[in-house]
Amino acid sequence: MKITYTERKCNLRDNFKQRVEKKLSKFDKIFSDDAQAFVVATVDKSSQTVEITIRDKSMVYRAEKTMPEMNDAVDKCVDVLGRQLRKNKSRLEKRLRQGSLEELVAPVDEPEDEDDFTIVRTKEIPVKPISVDEAILQMNMVGHKFYVFTNAETNEVNVVYLRDDGKYGLLVPTMGE
């Protein structure tokens, strides 16, 4: 796995990079050799944030944690990634190397049969093209954290969403791998 580091308001030491490589190496048997991990470290006044994103084939795994110590944040991120992999084990094995998830950390007490997602509600949405600003306004008016709409400029389906930092994001679909 290739690891790329991004430093924000800090300089990463070699021992931190070695720790990240050691922690992420336990995922090497799960992902292909082409997998890429992006580690973003940010230092603020009273906290340190580590964000780890792993891309392999068409799948993306992401974890972000803020802690007083950067090493603790890395540990928590790796734990979150491990839980994501265990939770979706049966689906992931079909896309990744067969049987490789068995060797990962011991399973968490979760329901055994998670092969199917249960849809409890289906909702129809209007497809009238609107602007991004209007979509954000609609999202805020209905009190949701995201809003699916047809973009008036591109005539494609987009999603606006409310980020944890209170700002907005826009999802634009592209053809994947």
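pLDDT is the predictor's confidence in each residue, on a scale from 0 to 100. Helices (DSSP runs of H or I, at least four residues) and strands (runs of E, at least two) are numbered from the N terminus. This is a predicted model, in which local features need pLDDT of at least 70 and side-chain atom pairs count only at pLDDT 80 or more, while totals for chains, interfaces and linings use all residues. Residues are numbered from 1 along each chain as its sequence is written, and side-chain values use heavy atoms, with hydrogens and water left out.

**Whole chain**

Colour the protein by pLDDT. The average is 84, and 82% of the residues score at least 70. Confidence is highest in strand β7 (residues 168–171), at 95, and lowest in helix α3 (residues 89–95), at a mean of 62. Where pLDDT is low, the predicted coordinates should not be read in detail.

Now switch to a cartoon. The protein has 4 helices and 7 strands, and from the N terminus on the elements run β-α-β-β-β-α-α-α-β-β-β. Of the 177 residues, 32% count as buried; buried means under 20% relative accessible area, exposed over 50%, and partly exposed in between, with a 1.4 Å probe and protein chains only. Contact means heavy atoms within 4.5 Å. Among contacts with a separation of 6 or more, 41% are between residues 24 or more positions apart.

**Stop 1: Lys9 and helix α1**

Select Lys9, in the loop between β1 and α1. Its phi is near 60°, a positive value in a residue other than glycine. Lys9 is exposed, with a relative accessible area of 68%.

Next, select helix α1, residues 14–24. Which residues of α1 are buried? They are Phe16, Val20 and Leu24. These cover an arc of only 65° around the axis, which puts them on the same side of α1; the arc is that of the directions from the helix axis to the C-beta atoms. Show what covers these buried residues: it includes β1 (2–8), β2 (36–43), β3 (48–56) and α2 (70–87). Then turn to the face of α1 that points away from its buried side, where Asp14, Asn15, Gln18 and Lys22 are exposed.

**Stop 2: Ser47**

Move to Ser47, in the loop between β2 and β3. Is Ser47 buried or exposed? Ser47 is buried, with a relative accessible area of 18%. Leaving aside residues up to four places away in sequence, Ser47 touches Thr42, Thr66 and Met67.

**Stop 3: the largest pocket**

Rolling a probe the size of a water molecule over the atoms shows where empty space is left. On a 1 Å grid over the protein atoms alone, a pocket is an open set of points where a 1.4 Å probe fits, with protein on both sides within 12 Å along at least five of seven lines; lining residues have an atom within 4 Å of a point. Grid points are joined across faces, edges and corners, and a volume is the space filled by probe spheres set on the points.

The largest pocket holds about 710 Å³ of space. To find it, select Glu51, Arg62, Glu64, Tyr161 and Arg163, the closest to its centre of the 16 residues that line it. The elements that give two or more residues to this lining are β2, β3 and β4 (59–67), and β4 gives the most, with 3 residues.

Colour the lining by class: 5 residues are nonpolar, 3 polar and 8 charged. Here Ala, Val, Leu, Ile, Met, Phe, Trp, Tyr, Cys and Pro count as nonpolar, Asp, Glu, Lys and Arg as charged, and the others, Gly among them, as polar.

**Stop 4: helix α4**

Select Ala135, Ile136 and Met139, the buried residues of α4. They cover an arc of only 100° around the axis, which puts them on the same side of α4. These buried residues pack against β5, β6 and β7.

On the other side of α4, Asp133 and Met141 are exposed. Helix α4 spans residues 132–142 and contains Asp133, which has a relative accessible area of 62%. Draw a line from the C-alpha atom of Asp133 to that of Val160: the two residues are 27 residues apart along the chain, and the atoms are separated by 9.3 Å. After α4 comes Gly143, whose phi is positive, near 75°.

**Stop 5: Asn155**

Finish at Asn155, in the loop between β5 (146–150) and β6 (157–162). Phi of Asn155 is near 60°, a positive value in a residue other than glycine. Asn155 is exposed, with a relative accessible area of 56%.
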